[in-house]
Amino acid sequence: MMKTVYTHPKSLKKAVFHYCPGCGHSIAHRLICEVIDEMGLRDKVIGIPPPGCSVFAYNYFDVDMAECAHGRGAAVATGIKRAFPGSVVFTYQGDGDLAAIGTAETIHAANRGENVTTIFINNAVYGMTGGQMAPTTLHGMKTTTSPYGRDRLLEGHPIRMSEILAMLDGVAYIERVAVNSPANIRKAKKAIAKAFQVQLDGRGFAMVEILSPCPTNWRMTPVKAWEWVDEEMTEIFPLGVFKDITEKKGAD
Amino acid sequence: MTKVLMDGNSAIGEAAIRAGCQCYFGYPITPQNELTEYMATHLSRRKGCSFVQAESEIAAINMVYGASVVGARTMTSSSSPGISLKQEGISYLAACELPAVIVNMQRGGPGLGSISAAQSDYFQATRGGGHGDYRTIVLGPSSVQELADLTMRAFDLAEKYKIPVIILGDGVLGQMKEPVEFSREAPAVPSVREGALRGCGGHPSRIVKTFTSNPAELEEINWSLFRRYALIKKEETTYETFMLDDARLVVVAYGIAARIAKGAIKNVRAEGLKVGLMRPITLWPFPDEPLREMAKQVKQYLVFEMNMGQMLEDVQLALSGQGETAFYGRPGGVVPTPSEVARVISRLYYQKGLK
Amino acid sequence: MPDKQPALKSVKGKIVISGALCKECGLCIHFCPKNVIVQSNRLNAAGYQSAEFKDNGDCTGCAVCAIVCPEVAIEVYRD
């Protein structure tokens, strides 16, 4: 009798993902659901999906979810956690949501040390609206609003939110991971689990930035897109831990 | 019950706490800072309660959204420019049928404007204000006592109808001091609204959302919201009349303008002019039917507001040509005196040959 | 997540791919260390040539395919 090594997580609804072939959202959703299952969090979790490709996240996560306005996830999470401290709150945000329109809310929730978990999906482009430039778009990268390639003089630079937020005292844990290879996916799951554990321990703000392939808007095959994360994205967005107060012994 | 001397802003705060407000999220802006500060002092230390000075009015309204999603009685406050920032959040609250109380202590506008009292956010408040077809209940208090009473009523209405409720005050009401009594005690423990999202322990997961890729679904949501609005109009429309019995001219005013108008009307009554006041208290739902009834007896109306003519349009709509409406307005934060308004009333009275 | 593989003798593994969910991303084929996944010649209902398991005894149940599959279309079994 063979034993089951891998099967569909319980907290993930059995629905067909609307995401494109090879999209990182599908992997990220699944990892979060695995963590929720393994840590027994489903009954207490309230998730906040963003506008964007993952606006339909509530069709996949079998947990209580509240949609919110673009960029406002960190503020909504603050309201939920302050009103209901017993909940386990996570926001799921894209690069426009967290690093453009929601930058103020994100920085201030982190600065206040809100006990919430943020999953930041960085795919260097605005997916749902058709592939426009994101704050995280790389130099020279062609998008529909940087058709000649992102120009550093006119359009600035890819913004590194993990590094920026790691400077804030209210932040307990920040790690940047990727979901473009089996090894990276395993590490991403560990980081997500840690980000939830930080919330359970009441240590402060936790974020996992996930470099995520977007084959459609990068105009690549899924396999090439997954490789491009290693070849190009990690040059600008290095993987690793940027802050982790749980490693320190004694007072924070 | 003891009477206390309080400024309007603080009275709102005390009333909110007694109405069971669990969470306050706000950002400083003149002329309502006494309210934010009152909540920082008095709400933050209450068991189970939360005060957050947010980084912006946008963040504050979204914190209100979050707190309301999980069933807390929650509020925010601001003044005109900050209320503009909140419109997106209010649209989301209305769409998701989430109770909340939003206080607007109006100041002169448009733009950064002035810090003095005005009534130029009437359109914004009563027409939805943000994108989409929706309404919020709008209450127009005209005294510190009424600020307290209507704040409590606002929380109850919000919970009863699952709708955001706006308290439309102004800078004068907020900062003036009058004696006030509070008709209830604060609850010992914050309440949790039934059916709110509290994690899906023991039942299927739930979603609070507004987005749909199916227009027919959204159409039905709109119709359903408006059926509720019709019910609110039937049940909650409130107004006050003053010296109306033999009136030949009726002044229509709300809020601080109604206070000024009352003073003006007392003046002209002393001169023998038969003038009365119709004071809407719910600005939405607007008391259009009572006005239409009134128009069977009285044909001359003077709408007095501290703006360029906003409630004027609701009065004209209500009367639909059954009465004549004149208008007197002072925008920009100018606060007229009762004697000034009395002169305007008398001039109109004699011009129209009223006896 | 898969357990550490036993060091010595070869492990027998098996996967079941829900072809209907497959979107032909090719990632399981690309990452499989034993080359036991191939692309089908037929189209599934969504119009994709889905991934198919080559049950030739080489599969070790390492579950790399399940880890990389975005559609959660693969179940993995091991002796």
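1. Two residues are taken to be in contact if their C-beta atoms, placed from the backbone, lie within 7 Å. On that criterion two pairs of chains touch, and the pair formed by chains A and B has the most contacts. Chain B and chain C, by contrast, do not touch, and their nearest C-alpha atoms are 21 Å apart.

2. This is a predicted model, in which local features need pLDDT of at least 70 and side-chain atom pairs count only at pLDDT 80 or more, whereas totals for chains, interfaces and linings use all residues. Residues are numbered from 1 along each chain as its sequence is written, while chains are lettered from A and ligands numbered from 1 in the order in which they are written.

3. Chain A has nine helices and eight strands, where helices (H or I, at least four residues) and strands (E, at least two) are DSSP runs numbered from the N terminus. The radius of gyration of chain A is 17 Å, close to the 18 Å given by the globule rule for 252 residues, so chain A is as compact as a globular protein of that length; the radius is taken over C-alpha atoms, and the rule is 2.2 Å times the number of residues to the power 0.38. The C-alpha trace of chain A spans about 50 × 50 × 35 Å along its principal axes. Of the 252 residues in chain A, 59% are buried, a residue being buried if 20 or more other C-beta atoms lie within 10 Å of its own, exposed if 12 or fewer, and partly exposed in between, with C-beta atoms placed from the backbone. Among the contacts in chain A with a separation of 6 or more, 68% are between residues 24 or more positions apart.

4. Chain B has 13 helices and 15 strands. Its radius of gyration is 21 Å, close to the 20 Å that the globule rule gives for 355 residues, so chain B is as compact as a globular protein of that length. The C-alpha trace of chain B spans about 70 × 50 × 40 Å along its principal axes, and 54% of the 355 residues of chain B count as buried. Among contacts in chain B between residues at least 6 apart in sequence, 80% join residues at least 24 apart.

5. The domain assignment of chain B gives domain 1 (4-236) and domain 2 (240-351), with bounds that come from an automatic or database domain assignment. The centres of these two domains of chain B, taken over C-alpha atoms, are separated by 28 Å, and their contact takes 30 residues from domain 1 and 22 residues from domain 2. On the side of domain 1 of chain B that touches domain 2, α6(B) gives the most, with four residues. By class, that side of domain 1 has 13 nonpolar, twelve polar and five charged residues; here Ala, Val, Leu, Ile, Met, Phe, Trp, Tyr, Cys and Pro count as nonpolar, Asp, Glu, Lys and Arg as charged, and the others, Gly among them, as polar.

6. Strand β2 (residues 23-26) of chain B is covered on both faces, with C23(B) and F25(B) buried on one side and Y24(B) and G26(B) buried on the other. In a regular strand the side chains alternate between the two faces of the sheet. β2(B) pairs in the parallel sense with strand β3 (residues 50-53) of chain B over four bridges, pairing being assigned if DSSP finds at least two bridges between the strands. The bridge partner of G26(B) in β3(B) is Q53(B). From β2(B) the chain crosses through helix α2 (residues 33-42) of chain B to β3(B) in a right-handed β-α-β crossover, which is to say that, with the strands pointing away from the viewer, the path from the first strand over the helix to the second runs clockwise. β2(B) also pairs with strand β4 (residues 74-78) of chain B, in the parallel sense over two bridges, and C23(B) stands opposite T74(B) there.

7. The contact between chains A and B takes 34 residues from chain B and 29 residues from chain A. On the chain B side, α3(B) supplies the largest share, eight residues, and the residues of that side divide into 18 nonpolar, eleven polar and five charged. Strand β3 (residues 64-66) of chain A runs parallel to β9(B) and is joined to it by two bridges, with A66(A) opposite V208(B).

8. The contact between chains A and C takes 25 residues from chain C and 24 residues from chain A. The chain C side has 15 nonpolar, three polar and seven charged residues. Strand β1 (residues 3-6) of chain A and β4(C) run antiparallel and are joined by three bridges, and Y6(A) stands opposite V76(C) in β4(C).
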